[in-house]
Amino acid sequence: MDTSFTFGEESLYQVICGIGDSQLPLWESRLKVKLIPRGKSLIIQGDSDFVQLAVETFQRVEENFKKRPDKNDFSLFDIDYLMGQAKDANKGWPTPGSPEFVKNESDGDWTPKDKVFVTFKGKPIFPRTKNQEFFVESLKKNYITIAMGPAGTGKTFLSIATACRMMQTGEVDRLVLTRPAVEAGENLGFLPGDLTQKVNPYLRPIYDALHECIGFEKTTEYIQVNKIEIAPIAFMRGRTLSNSFIILDEAQNCTLPQLKMFLTRFGKNSKMAISGDATQIDLAHGRSGLEKTVYTLRGLNGVEAITFGREDITRHHIVEAIVRRFEENEGLFTKRS
């Protein structure tokens with residue numbers, strides 16, 4: 001059976017096909033059809049059931065695309081996430097007759113509502129998944145938000161983008177950004193310089209997020225006037241942090257006493273974001289306090305925990321595949337050790 005599908009918007013057609021039609025083999029393997037590009041159309045060849053499914057898939061993607069406020073950033077990740085809302089045995093890519101994939105349900109497909117922040121280059125930042133949106137909403141309404149999940153889910157970046165917006169609107173006066181200086185198999189003592197210089201490489205992800213949001217010059221200026229403070233968690237002891245947005249990154253490498261100390265730094269008119277990945281703990285077994293803290297604070301008014309999953313990984317698609325492989329083999333490695 002042969003049919004064709006014409007995309008209403010050139011930009012979506014380009015996302016689907018990729019540069020030099022490089023994405024078409026991926027679509028062909030997923031949809032089990034042959035695709036031939038023609039202008040803004042795709043000629044679809046194959047078994048009638050799979051051809052019909054391909055048409056319905058492209059219709060669903062286009063309907064979702066039309067409703068999105070983040071069209072300029074729409075990518076293959078967003079399509080994968082959209083298909084992931086129609087789960088079946090093929091991990092989100094439906095088969096003919098699968099009850100989860102019904103075209104008339106596509107009106108319920110998720111799209112981001114509000115932008116989080118506009119960078120110094122004028123680029124709007126939107127949540128990319130439902131959980132990212134829940135996380136941003138929690139940062140707005142709660143005193144303390146704890147985000148747990150794998151690498152690449154936007155925990156640190158969205159915290160910093162939200163903090164930059166709140167500082168920009170005057171809701172907070174400054175940002176306090178911290179993380180534990182714990183080695184991931186290396187030794188701090190072999191790094192050159194004083195303590196601050198030794199710790200600086202561990203704070204690089206925070207600098208990178210700040211540079212993307214407000215730029216290198218503004219970041220440097222704010223640090224010089226103490227509007228942004230970046231320091232290891234040990235420097236937080238004995239302080240009260242008021243009128244601040246406080247971010248603790250890599251919290252899985254904090255002990256329970258460290259997290260208790262950090263949480264009790266909370267002052268008036270402040271917000272606090274804590275993020276970590278329980279699968280990347282560099283402390284000795286049983287010493288991490290992150291999951292214990294989440295359990296201890298459950299149900300406390302003004303505190304919320306958000307859990308991210310593999311489907312929220314917005315880095316290169318290979319990262320999601322890597323995380324999945326490690327999760328699948330974790331039990332095997334545990335048994336051997």
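Strands β1 and β3 (residues 41-45) pair in the antiparallel sense over five bridges, where pairing requires at least two bridges found by DSSP, and helices (H or I, at least four residues) and strands (E, at least two) are DSSP runs numbered from the N terminus. The model is predicted, so that local features need pLDDT of at least 70 and side-chain atom pairs count only at pLDDT 80 or more, whereas totals for chains, interfaces and linings use all residues. Residues are numbered from 1 along each chain as its sequence is written, and side-chain values use heavy atoms, with hydrogens and water left out.

Contact denotes heavy atoms within 4.5 Å; axes are lines fitted to C-alpha atoms, for helices over the stretch in contact, and angles run from 0 to 180 degrees between N-to-C directions. Helix α2 (residues 24-31) likewise touches β2 and β3, and its direction makes about 140° with that of β2. The sheet itself is open, with three strands in the order β1-β3-β2 and antiparallel pairing. Because β1 (2-6) and β2 (34-38) each have a single partner strand, one side of each is left without a neighbour in the sheet.

In helix α11 (residues 290-297), Leu 290, Thr 293, Val 294 and Leu 297 are buried, whereas Glu 291, Tyr 295 and Thr 296 are exposed on the other side (buried, under 20% relative accessible area; exposed, over 50%; partly exposed in between; 1.4 Å probe, protein chains only). The buried residues of α11 pack against β6 (144-148), α10 (256-263), β10 (271-276) and β11 (303-307).
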